[in-house]
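Subject: Structure for your review

Dear colleague,

Please find the structure below, followed by an account of what was found in it. I would be grateful if you read the two side by side.

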Amino acid sequence: IVGYASVFGLKDQQGDIIPRGAFRATLAGQKSLPPMLWLHDSARPCGAWQLLREDAIGLLARGQLALHTKTGREAYQLVRQGAVTGLSIGYRIKRSHYDAARKARVLDEIILDEVSLVI
């Protein structure tokens, strides 16, 4: 699995904007990468992330599905068929501010808890 879990500078579905650098501290401070979950369900891990890093576009994610598990096989089939095409982050906000010009909350620093495969 390779894709962007978050794209910088765009309003997300909640109307928030994540700027470049928002993940820097959490990624540097983690001893291991956050889990790869199926649909944000902590009881359904579906693989493991091998790389999570910021680039010019956003939070790049690369991982491997756990095909020896039921959830991993299910995720693999749905990704392969094109039914599941997205990634989404589970996080806590450490620091934010409101940008009146863009009418959005800007999430300056994020604690990344997980990255999920989503529809």
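**Findings**

A56 touches F8 and R20, not counting residues up to four places away in sequence; contact here means heavy atoms within 4.5 Å. This is a predicted model, in which local features need pLDDT of at least 70 and side-chain atom pairs count only at pLDDT 80 or more, while totals for chains, interfaces and linings use all residues. Residues are numbered from 1 along each chain as its sequence is written, and side-chain values use heavy atoms, with hydrogens and water left out.

A56 belongs to the loop between β4 (41–54) and β5 (58–65). Strands are DSSP runs (E, at least two residues), numbered from the N terminus. Because its relative accessibility is 62%, A56 counts as exposed; the classes are buried under 20% relative accessible area, exposed over 50%, and partly exposed in between (1.4 Å probe, protein chains only).

Strand β5 also holds G63, which counts as buried because its relative accessibility is 4%. Leaving aside neighbours within four places in sequence, G63 is in contact with I1, M36, A48, W49 and Q50. The C-alpha atoms of G63 and A48 are separated by 5.6 Å, although the two residues are 15 apart along the chain.

The largest nonpolar core has 23 residues, and F23 and L117 have the most contacts inside it. Such a core is a set of buried Ala, Val, Leu, Ile, Met, Phe, Trp, Tyr and Cys residues joined through side-chain atoms within 4.5 Å. Two or more residues each come from β3 (36–38), β4, β5, β6 and β7, with β7 giving the most, five residues. Apart from residues up to four places away in sequence, F23 touches S6, F8, I18, E54, L59, I89, I110 and L112.

Strands β6 (residues 86–99) and β7 (residues 104–118) pair in the antiparallel sense over 13 bridges; pairing requires at least two bridges found by DSSP. Within this pair, Y91 stands opposite L112 in β7. The two strands, β6 and β7, form a hairpin with four residues between them, and K103 in the turn has a positive phi of about 50 degrees.

Finally, V7 is found in strand β1 (residues 2–7) and is partly exposed, with a relative accessible area of 36%.

Yours sincerely
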